[in-house]
Amino acid sequence: MSKQQDQKKKPQQKEDNLQQEKLIAIVLLDSYTNKFEPLSSYRAECLLPLAGGKTLLDNNIQFLIENGVEELFLFCTKHHQQIRNHIEEKKWRKQIEIHFLYNFKCQCFGDAMREIDAKGLINSNFILVTAPGFISNISLKEHLETHKQLCKTDKNTLMTMMCMSKQNDLTYLNENDQSSTLIVHNNNRKILHYDNITSREFSKVTKFPFSVLEKAYDSGKQTVSQQAVDTANAKFKLQQKQTQFTLNATSGYQGGSVDTVLHLKKIQNRNDLVESQIYMCSPYVLHMFTDNFDYESMRDFVHGVLADEEVSGYTIYIDEFKQKYGAHFSLINSLNSYYNETMKLLQRVDLVLDYYTRVKYRRLLDSINVHLAKNSTMPTSNSKFMRNVFVDSNTKIGENCHLVNCFIGSNCLIGDNVKLTNCIIWPNSKIGSSTIINGSWLGSNCKIGNDVHVPENTLFSDYCKVKNNTKITERAVYYTKEAEKLKAKQKTTDSHTDDEKDKIENLTKNFQNLNLDVSESNYVKYILNNKALTETDDEGDDEFSDEDYDNEEEEDDASVSSARSEEQNIRNDTSKNNHFLVLRKRVRKESRSESRLRKQNQYCSDLDMSCMSSNELDSSSDEDDFDRDDSDIENESEDEETNAHEDETETFFKEVVSLLRSALKENLESSNVILEINSRKHANGIQIDDVCYYLAKAVLDLPIVLSGINRNKTLKEQQEAGQKLDYLTSLKSYLKKFILIIQNYYTKTKQSQRIFLNALQDFFIETRAHSDQAPNSFLDANYVKAIHYMYNDLEILDEDIVIEWYDKQVEFLKSSQNADLEKMDPQQRIQAEKIIRKAYSITKLKDFVDWLKQDDDDDEDEEDDE
Amino acid sequence: MHHQTRSTKSDYEIELKKFLNELKNRELNSSTQIALASIRLIKKLIGESKWKTAGDLLDILKSEERSLFERIPDELNVRNIWRRVIKIIKDESFNIEKNQAQIDTLQGNLFASTISEIIIEIESSVSNTASQSLEHIHENEVILTMGKSQTVEAFLKYAARKRKFHVIVAENAPYLDGHEIASNLQKAGLDVTLISDSAIFTIISRVNTIIIGTKSIFANGGLKAHVGTHSLALAAKHHNIPLIVCSSLLKLSPEYFPNSNNLPHLLPSDDVLSSNFHPNLTVLNPSFDYVPPELVTLFIFNSTKNAPSYVYRLIREMYSIEGEEEEDELF
């Protein structure tokens, strides 16, 4: 910090000590490069969409807020209106104080810094962010702290440059168009030498001037004399090699070899560092830019400071993001890095999906890493073929789509049988059915017809249209004039109309430049816009029937370029993709179903264990509880007790019903449901017989509860409300689902079987599906069929016990049927009516039991014969 | 509902945001820290929001719980604490309604004191668990553990004061936190060997007891533990070596592991392969393993030890069950 600043700050120093200074960040929203062309031609770079319904800008602001920044200065040159609107739309102002700085004349980074300084708004330390975007879950707090410490020990500290180490990542630099930085620093991380290494220059030999060693020597002299002697020796050796020192770095990217060869502990040579484009600056950084008009980039600035170090004494330090498990920092500053980072992000959506936006998305459970916005639609059958997919809001996906590693923006329409692999699809695009796109990138508002094949590494800029049945062979960037037109339109709405024409002219120039810039990288080859691939008229248009599109279409005709002949050339087959993936999927599916089977077997053995204990308790009480209704009548004297008992059983019954409901909803394992039932049995103090009785009733009741029918309404009312009940079929499906549970409770003892039969009988006698149903019609329709199903298909019921139970019922009913209805008091009458209905149900069963008996006899006969 | 009553940004919301940030950036390292942070959060909410009766308070807590756990569905332990508090307040308010002599402020104090009881329980759970170690570790035994667990570390150190035994630590890739516990134990004077995870089956035949920690425990006694624990447990079963799980009671969760043919617990990331890789190469990095209850021999909790089959009864005592509240909607 300069002396001037110190004086200004003196009254506030107490506050400084308490660290109450507001944390300020300056974010430059323009990289002053053309690395994002053509996509950035009419869209601000910082507004490129990211997964999670965010843009790069949103993510950056979020990151800064999370790191305690309280005041934000946004500086923009191009597209300022767009950015302003975006900030308002996302309501960032509610979360943080935002100042908007704007000057469209700035040509480079240095201009921007000077402009900010001219406004004179910043008088304290600040964080400077020049990266268009980054994805990170690293906390800056520690690094801020070390920067503060540095400022205290070294009053001349100008800046701490945050870097990340990409030690093992030779490919990273290549693929992401990023340049590594050669930094030589001493043990305090003070920068002694600084140089950029682009990926092409990157070789095994790095060079830096000899003066660096002298600097290290100078600083070493002051502290440790012994080491200074070592340094002097080294200096002597080096002088023989003339002024330039060549370092062989094959052994590693750190300066280890320097140390061992020269015994020089004073410097570290790092060429594995990539600048994170986040800097912690003192306010004097801005003044430096104003003082030196020739500083254009950060590089100029650092070089300048290093050159003047002896005069001014200012120092720059570096700090490295800590490598720890799960820590992540990646920079997005070019098309390639955007593509690569998005692909990676699809596997780690948690980096951008913070806990507040997560609610808007659901994770599909039966596929890996598939996130779908809650208001997007997709057939569930698709999910088998999906992996690492992120679908934003309001998007529709057709049937049988194979999506792997895809980011699909909002408001997209994707037809049936589409195959997308490694794709980025920006908002408002449409893709016709049976189209295959591989490793490519669609800008927003693109329209791709049916049966189109797109090979890898193709980029469609915004508003591209591709006809039906096109096979694209040339890997290129496709760019439409229409986008340019739209851009022009948009420009007129922007405030500065004067230089609009210049800009459009510049654009074509830019493209020529671009050809040089990017052609060597492996991602895209630029084609100038006269080769743009546009669709002329409504040939392939049936898929997209909305009116907006038709209107646009008319405009298109005017702007069509010479694309047609181009298109004809393009119809060669390139589709040889996806075989590998499909195969792999199938293998996985098989192994899954196998494991499911295994699991089931495992649980069967568990079931036996868990129910043993409960059944042992009660196996003795065989006869006593035989007819539960009778025992109720007898127990009238113990009224209170039974009431309490009924309360408990009542709550138990309700709990079981809701438990079964949630079990269906959440697809719980049967063994877990049994555990829950048992735990509720303990909680309510219920006997095992009651558990069996009410569980059976609950299962039988499920079809009615789940169909959402209101039993108190008449059949007519129900039909009017669109409620329908197909009792038997839905019962069958539920029984099948819960078969393990039923087997657990009802196939162990004779007693439980009898209770089950009782419950069945009672349920069908008592139930009416609607209020005006005739007393026995529900029973007529379902009772015997249900029993038959359970005996024959599920094999829950044992025929001996059914016959035995039936005989006993008949016997019992005979003895109690002769009573006279008229003479009874009301309560007895209800009981008696119940008995009559029971008798009715028993008569219904007669045929079934006769059939059973006959069957039984036949069996015996057969056995006799044998 | 209470969102409308709270007009400006409250301390609770600020605290909540901070908490979520810390979770996201993995600044809260141990489960004790997470538990304490979340209980502070609840305390703030209770202290700040306006309520007259215990019923109001319960409503506030429940709706806040619901919205919070839509956001962090995987943080079972945080949810456990919320449910614990809800259960305690429910029970307490039930007592109060019966007496009806108490006034509101008293209620508040009462809740605060019960919450501070939970805090004490959290803070003491490690040492309480550790103090049971002498019953399970005997002279000259060989103990195997995997990865870093605060509880297990304390457990082993406690036993080492009286007994001499050998500890083998599996490094627990890709977290590699086994390295840390190994050096910690070594510093404490224990006899330690570090092995890679792949060497477990080779080594395990000479092991007497396996002692591990866990992230949380499902209602059926299954574990949600670091990746690799399932294979360790299977190896243990193969050699019939007892597998003991040390855990705080707060890790007991009333939830079940979702149907097991899904892979919902997969949180793939580039942590396994830190450098840039081609998008066609899928790197899977599941965050935890589900270990079925039949592979666990014994749980050691703060004050008790239980078999896995008993876990569901403990849970029934600790939490109120959701189904009870749904009844009203149903009938």
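A charge is taken to sit over a ring if NZ of Lys or CZ of Arg is within 6 Å of the ring centre and within 35 degrees of the ring normal. By that criterion, the charged end of Lys224(B) sits over the ring of Phe288(B), at 4.5 Å from its centre.

The model is predicted: local features need pLDDT of at least 70 and side-chain atom pairs count only at pLDDT 80 or more, while totals for chains, interfaces and linings use all residues. Residues are numbered from 1 along each chain as its sequence is written, chains are lettered from A and ligands numbered from 1 in the order in which they are written, and side-chain values use heavy atoms, with hydrogens and water left out.

Aromatic pairs come next. A pair of aromatic rings is described by the distance of the centres and the angle of the planes. Rings of Phe, Tyr and Trp (its six-membered ring) pair if their centres lie within 6.5 Å; planes under 30 degrees apart count as stacked, over 60 as edge-to-face and the rest as tilted. Over all chains, the structure holds 28 aromatic pairs. In the pair of Tyr338(A) and Trp426(A), the ring centres are 5.9 Å apart and the planes stand at 85°, so the pair is edge-to-face. Tyr338(A) lies in helix H14 (residues 335-345) of chain A and Trp426(A) in the loop between strand S22 (419-425) and strand S23 (430-431) of chain A, so the pair ties together parts that are 88 residues apart in sequence. Helices (H or I, at least four residues) and strands (E, at least two) are DSSP runs, numbered from the N terminus. Both Tyr338(A) and Trp426(A) are buried, where buried means under 20% relative accessible area, exposed over 50% and partly exposed in between (1.4 Å probe, protein chains only).

Chain B has a tilted pair, Phe218(B) and Phe257(B), with 5.6 Å centre to centre and 55° between the planes. Phe218(B) is in the loop between strand S5 (216-217) and strand S6 (223-226) of chain B, and Phe257(B) is in the loop between strand S7 (243-246) and strand S8 (288-291) of chain B, so this pair ties together parts 39 residues apart in sequence. Phe218(B) is buried at 4% relative accessibility, and Phe257(B) is buried at 7%.

Back in chain A, one aromatic cluster is formed by Phe63(A), Phe134(A), Phe321(A) and Phe329(A). Phe134(A) is also among the contacts of Asn60(A) (heavy atoms within 4.5 Å), which, leaving aside neighbours within four places in sequence, are Ala131(A), Pro132(A), Gly133(A) and Phe134(A). Asn60(A) is found in helix H3 (residues 56-66) of chain A and is buried, with a relative accessible area of 2%.

What of the cysteines? A disulfide is a pair of cysteine sulfur atoms within 2.5 Å, and the structure holds zero disulfides over all chains. The closest cysteine sulfur to that of Cys46(A) is in Cys76(A), 7.7 Å away, which is too far for a bond. Cys46(A) is buried at 1% relative accessibility, and Cys246(B) is buried at 0%.

Two residues other than glycine have a positive phi. Lys91(A), with phi near 60°, is in the loop between helix H4 (80-90) and strand S5 (97-102) of chain A. Asn140(B), with phi of about 65°, is in the loop between helix H6 (104-130) and strand S1 (142-146) of chain B and is exposed, at 63% relative accessibility.
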